[in-house]
Amino acid sequence: MTVTGTLIMNIGILTSSFPSHPDDHLQAPFVIDFIEGLKRRGHQVFVFTQDRDGEKKEFLSGVRVTWFGWMKSKKPMVALNPYNPLDLVRIISLFRKGKEAVVPFVKENRIDVCLALWVIPAGYFANYVYRRAGIPYSVWALGSDIYRYGTNPFLYPLMRRIVQEARGVFADGFDLSHRVEERFQRRCDFLATTRKFKTPDKPDRPDKPDRPYHFLFVGRLEKVKGIDVLLQASALLKDEHLDFHLTAVGGGGMAEWAKNFSREKGIEAKATFAGALPDAALVSLYQSSDCVVIPSRSESIPLVFSEALNFGRDLIVTDVGDMGGLGRQYGVADVVRPEDPVALKEAMKRKIQNQGNPGQENKREELLKLFDMETSAERFL
C-alpha cells in the first residue's frame, strides 16, 4: 500500500524488552517514542515479546502486542545465567516457544518487515522468519547482547549469521557500532535511544540555598549499573560531613543489598530507594535534582544520559562505552574511572562544593540533536 508515494508497511517489532504498562520504565521505554514515530509516518506496528508476570496492557493506540508463552522468570532477561541449570531450561524454553510463535505472528498480521531489539534473542526469531518466509529484518543492538554474548564461542556463530543476514544493522552507541563492525564484519549505523517527557511549564526544583545537594540515580539496581559503587562513594561523602541526598529510582537484584548497606554505613537518612515510578514522579525528581550520576561498569549510551541532558541536569558518568567521550567532547559531564568509589566520591564532592563541570548549554543542545527519535525512525525506514 502507498500513501502520497510512500510505501506503507506492517512492521513487526520483535523484542525481549517491551513495556507492559505506561509506567514500566525497566523495559526499553524509548521504544514507545520510536513506535509513535513510525505510526506518524503511516505505518502499522505490531509487537512480539515474551509473556511476563504482572499487569499487561495494550496501551498504545492501534498497536497490537503478542505475548508468547514460555517458562517465565522473575529475573530480567539479561540476568539469566546459562550455567545455572534452571536458567538454562528457561533460556531453551524462551528460544523454542518464541520460534514456534513467531511464524503465526507474522502471517496473521501480514508483516512486511521486522525490527529485532536486540541481536539475541529477538534477532534469532527475526532470522528464523527471514529463512522460513523471506521477510526482511533489521537488528538494533543495545549493548548487553554484544558486550555480554558477542565473545561467547557457542553463541558467536549464531549472532554472526543474524547480523550478516540482516537488511540493516544498528546500535545505540558509537563505540558499540564499532564493536559490531569489528566482530561481525558488517556495517553498523548509530540509532539513538531516548524519550521525551511531558513536563510542567515550571521546574519544581526548590530554590533553597540551605537544602541538601540532590544526586539522582535512575536504572536497574544491578552490579553492572554500579549501584554498589555509588553507595560506597555516598558513605565516603557522609564521613566527610557533606550535606547531600541520593535518590535511586529503579528495582533489581541488588535492592535488598542496597538498603542493608545503607543501614550498615549509616546513610539511610541520606539515601532514598524509590523503586519504579510513574512518569510524573520521575519528571519531578529529574527537575528537583542537581546532578544525575551514572556509575555503570558497562554501558553504551544509557537512556538516563539523554534524559538528564533533556532536563539540563549536571552529570557524573563513568568512562565506559561512549559516555566518557561524549561527556568530555561536549563538556556536559564529569568523567570518572569505573569501579572507583573514591574517584566518584571526589567528583560528587566537587559538585556539592560547586567546583564540578557545570556543562555548556550550546554544546548540550548540539549533543541533544544526536538523540532524536524522529531521526531514528527515519534512519530505520
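Me: What order do the strands take in the open sheet of 7 strands?
Reply: This is a predicted model. In it, the 7 strands run in the order 5-4-3-6-7-8-9. Their pairing is parallel.

Me: Which strands stand at the edges there?
Reply: Strand 5 (64-68) and strand 9 (189-190). Each has a single partner strand, so one side of each is left without a neighbour in the sheet.

Me: And strand 3 with strand 6, over how many bridges do they pair?
Reply: Over 5 bridges, in the parallel sense. Strand 3 covers residues 10-15 and strand 6 covers residues 113-117. Gly-12 stands opposite Cys-114 in strand 6.

Me: Which strands does helix 1 lie across?
Reply: Strand 3, strand 4 (44-50), strand 6 and strand 7 (137-141). Helix 1 is residues 30-40, and runs at about 170 degrees to strand 3.

Me: What stands opposite Leu-216?
Reply: Val-292 in strand 13. Strand 10 (residues 213-218) and strand 13 (residues 291-294) pair in the parallel sense over 2 bridges.

Me: Last topic, confidence. Where does pLDDT stay under 50?
Reply: Over residues 1-5. The model has 6 contacts beyond four places in sequence for them. The chain averages a pLDDT of 88, and 92% of the residues score at least 70.

Key: Residues are numbered from 1 along each chain as its sequence is written. This is a predicted model: local features need pLDDT of at least 70, side-chain atom pairs count only at pLDDT 80 or more; totals for chains, interfaces and linings use all residues. Side-chain values use heavy atoms; hydrogens and water are left out. pLDDT is the predictor's confidence in each residue, from 0 to 100. Contact means heavy atoms within 4.5 Å. Two strands pair if DSSP finds at least two bridges between them. Helices (H or I, at least four residues) and strands (E, at least two) are DSSP runs, numbered from the N terminus. Axes are lines fitted to C-alpha atoms, for helices over the stretch in contact, and angles run from 0 to 180 degrees between N-to-C directions.
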